[in-house]
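Thanks for making time. Let me put the model on the screen, and then I'll walk through it.

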Amino acid sequence: MDQDYILRLEDVLKSTLSTNSHEIFNATKILKNEYFVESKSLVGLLHIMQSSENPQIRQLSAIEARKLIAIFWEDLSKSLKCQIKKSLLQSIVLEPVSIVRHSSARVISSIAKIDLPVEEWKDLPIFIHQASLSHNFLDRETGLYILYVLFEIIEEMFIDKMEELFSLLKLTINDKESYDVRMTTLMILGKVGEIIDRDDKQSIKSFQEIFPSMFLVLKETINSNNENFQKNAFEVFNTLLICEGALISKAIKDLLEFMVHVASTTKLDDSVRCMALNFLITCSRYRKNKIQALKLGPQLILSMLLIGTEEDTGSPDDDSPSRLAFRCIDILSISLPPSHVFIPLMNYIPQYLQSENPGYRKSALTALGVAIEGSSNFVSTQFSYLLTLIIIGLKDNYHVVKRAALLALGQFADELPEETSERHAELMPILLELILDSHEETKKSALNTLDALLESLDSNSISNYFSCIMERLLGLFQSNSTLEIKSTVVAAIGSAVYSAKDQFSPYFERTIECFIPVLELKDSEDELELRGMVTDTLGTIAETVGKEKFTPYIEYVVQSAYRGMQIDHPRLRECLFCFFAILARVYKHEFAPFLHVVIPALIQSLDKDDSDDIYKDSDENDSIKNFDNDKDDTLLDMSKVNSAITMEKEIAVDALGEICSHTKELFIPYLEESKERLINLSTHFYEGVRKAAISSLWRFTATLYNISNPQQWLPGLPLKIPLHTDVDKFATSVRDITIEILEDESERLVVIEICQNISETLKVCGPGILGDAESIQKISEHILQILKKQHISQLDEDIDNLINNNENDDYVENDDKDIAEYDALLIDSAIDVLISISHVLGEEYSQTFGFFLPHILKYYESETANDRSMVISGLGEIIDGLKAGITPYTEQIFHIFMKALDDNNEEIRSNAACSMGLLCQYSKYDLTSQYMTIFSKLQSLFSNNNHKNAKDNAIGCVSRLIISHPASVPLTQILPLLVSFLPLQNDYSENFPVYSAILKLYKLNDINIISLTERLIPIFATVLGPPEEQLTEPIRNELIELVRALNANYSEIISQYPCLLNAIR
């Protein structure tokens, strides 16, 4: 090859290593425009890679050559390609610098990707095998590294060669001479684990046999000072957690105990401890069933609590052992039942809070805050006691403890808003003092917590504090506080405005005057953040005061928002999207002028690359400047994902759904384009984006249905009222992608979102949304999987262990009937789908329902009241849909309901009364012989020691028995008692059976009801008055007709009630 060409090329490459940015720019431009446009540049780079005296140039040549192989390799002559391949295998074993050898190996793998599938490089596998078994450890490491990089790009070629691979790797993993050989083998075995299928029993067995040696290499790595090797080793073990479960199932307990030991060893470098903690977090997420079966939750909780006592080093965004320990507690709480996490936590918290060491008090309160997410139902039963502990923490002398208590209180307000808001009288004075604290971080934490508490308050609860809140918040906003503090102030103002409603009016102009100047800020990250928060809050203000009052400011705010969307700042754009979503809710059809700007901006966000702007000043060329960094220079790893852009996408997707549902037909020009984007995003790597995409797609469907001017749907198939053609086509595409996603979706929260959206859309659109029999069967199969706890989102380690445990000698029986609260929520959402299907299909779904019933009933065996309540209320709603279709299952269900009427939980007893009434009303099975037993069970629900709805539900149950078989009810005794409890005060839904029964008895001219007419007329006056939601429209109309008929004989009494006179005129 022309030596002058090679020398010139090498000189240009050297210029890219200059410290002069202008020289680098010119050199890069020359390479791109003059050299990398023809195939001889590839040959030149390969020559320089093997011959340059400068190792940096050799590595840079390798990196650039890799890029060109895909473009120019096929253009080279066969003889030249053979010559190059031969020289590459010769030069790589002579290369003295490790990082250059690795870059050369990646060049070889790039060529192999093209040539091996067409059998053009038969020498390569032979070379790899010989090098890997060479007496020279450098040759062994080189051969194995080539094998490793081949796995990265053409792993499928190894699937049929597993036996030979294991024969080689079981030798090299125990290499006595070279740590590099052992480490490279470990990395290869990580790749091997990724391609082993659960049906490949022999490979699983071989992997299990070699695993102890892998474990030894990990231990060896931890004691080394090589951070890259440590990262690679931990990456292997983290990856194995999401591979075929049986590979490491036997070793999970040992791995967890070892990682806890590493994480707890303070003499180790924090980076190593953080790697161990990240393993524990990943394991808690993906191997939760194994952890629960082994009952390791309490041990892990105690270990994390101890680590949590350490100081939170670095900035709040940096990983530290203490922060990761709390993240681990968070993941454990959403993965395991409260009995495995929160109950052990409660055993430790009191002694931690009594410690003189503020780190212990901080740890206890922070753990309390992060653990509530997955244990909110359980925490609600211990709420008063735990809130008392938090209040004590708010008054602690140490700021680190105060901040932990504020975090806990904020989480309590988020997860248990009703319970927390009831204690506002105790909490608000403390928070209003802490937001004025001189310590900046404490002040910021207090503002965030105040924001969370304000969201949970209603206008009555906030009334005593609102003036004080606004004065203090506006004062802080107008002070010399940092922009970061001002952003939290604005968020709190938004929540205060939302809760206060009309009470905000006196502060409207003053707040607007404070906010308007902020809309021009643009010179720093903090300024843009504040601008975004102010714009978002202005949306809340517009919704609160109404569009008429906000109109004078709308044009200016919208124009500012338009300009803001041109700024490439994800957090600002998020806030602007929220603002426009609220504006669509406020202005509805009047939002039309904004659509042509807002929708394209939202679409633009959806089209962004999630890795945009990460390391924007970095290029593959720059890797040469960090000469010790041996990373793959092309593969995008998750660390290069811009989480800010991902969050922007999630908000943009939500905004599309919100805008569509409120602008209705005005959105139609953007509907198809939006749908296609959302279908693409429904498989996004981040579950938040997937959730939002699914939700908005179903909102699109419901909106399109509503604007098609449909008649009210009727239950059953074939459809009695067909869907509009456009609705049917749109719904089919959304339903099909949803079913497809359900096949592989591993995140519970996404599956919950799918179930909730199917359920809610069915209620709106009726049976047409379900599609044909095949679609109904597929949906039903997924629901059955969830109820059996065999959906992919419920299975983590070793699926065979959970389904066919007799085939596995490492199976650990999970005898725990308790389930995590998020798992319970998933099952509850699946039952919601069954409820909706039963309502839209009616009796036709009766036979299919029989397959689900035993799997629903088993959850009544749970020790958790929420699980039992879910069963009783869910069955009641299903009965309400199936009607007579419940008849074949009456005996089974009746016995469960009778048992539930004696449950020790007041909510379950209340739900059982309602559900029992529905069963007796709709089943054709004769239950009249059981009526007196039912009445005796219901008696206890009329006492004051019951759920607030218990009395109403019991009255509804009695009314349904009357509707079904009035002759079997002792009306003489029952009716006066029933009437004495009217009108109902709490559960207006029970008015339907109550007044249906009364109307029926009047139609039958029953002497018992007629004798009670004078007592009933004042009750009729109450329920026919406000609020209107007391009665459904059909019952209201029938009751008015009854009053009109009664007026002939009871005009004197009726005339005393103007609302009755108005009704019958």
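K883 lies in the loop between helix 43 (865–882) and helix 44. That is a predicted model, by the way. At 32% relative accessibility, K883 counts as partly exposed. K883 has a positive phi of about 55 degrees, and K883 is not a glycine. K883 also lies over the face of Y922, 5.1 Å from the ring centre.

K501 is another lysine to look at. Its phi is positive too, about 55 degrees. K501 is found in the loop between helix 28 (483–500) and helix 29 (508–515). K501 is partly exposed, with a relative accessible area of 39%. Most residues other than glycine have a negative phi, and most peptide bonds are trans.

The peptide bond from L717 to P718 is cis, with omega near 0 degrees. P718 sits in the loop between helix 36 (687–706) and helix 37 (725–744). L982 and P983 are also joined by a cis peptide bond, with omega about 0 degrees. P983 is in the loop between helix 48 and helix 49 (991–1003).

Now the rings. How many aromatic pairs does the structure hold? It holds 26. Take Y352 and Y360: this pair is tilted, 5.0 Å centre to centre, with 45 degrees between the planes. Y352 is buried, at a relative accessible area of 3%. Y360 is partly exposed, at 27%.

Next, F591 and F594. They form an edge-to-face pair, 5.2 Å centre to centre, with 75 degrees between the planes. F591 is buried, at 0% relative accessibility. F594 counts as buried as well, at 13%. Both belong to a cluster: ring pairs link Y562, F579, F580, F591 and F594.

One more lysine over a ring. K219 lies over the face of F215, at 4.5 Å from the ring centre.

Now helix 46, residues 931–938. Which of its residues are buried? Y931, I934, F935, K937 and L938 are. Seen down the axis of helix 46, these buried residues fall within an arc of 160 degrees, so they line one face of the helix. As background, an α-helix has 3.6 residues a turn, so residues three or four places apart point the same way. What do the buried residues of helix 46 pack against? Helix 44 (890–900), helix 45 (906–922), helix 47 (950–964) and helix 48 (971–980).

Two annotations from the record. UniProt, in an unreviewed entry, lists "domain: Importin N-terminal" for residues 27–94. In the model, residues 27–94 are 82% helix and 0% strand, and the end C-alpha atoms are 30 Å apart.

Last, confidence. The protein averages a pLDDT of 92, and 95% of the residues score at least 70.

Notes:
Residues numbered from 1 in each chain as written. Predicted model: local features only at pLDDT ≥ 70, side-chain atom pairs only at ≥ 80, totals over all residues. Heavy atoms only, no water. Phe/Tyr/Trp six-rings, centres within 6.5 Å; stacked < 30°, edge-to-face > 60°. Buried < 20%, exposed > 50% of the residue type's maximum accessible area, 1.4 Å probe, protein only. Lys NZ or Arg CZ within 6 Å of the ring centre and 35° of its normal. UniProt positions renumbered as here; feature names shortened; annotations may be inferred. Helix = DSSP H or I, 4+ residues; strand = E, 2+ residues; numbered from the N terminus. pLDDT = per-residue confidence, 0-100. Arc of directions from axis to C-beta. Contact = heavy atoms within 4.5 Å.
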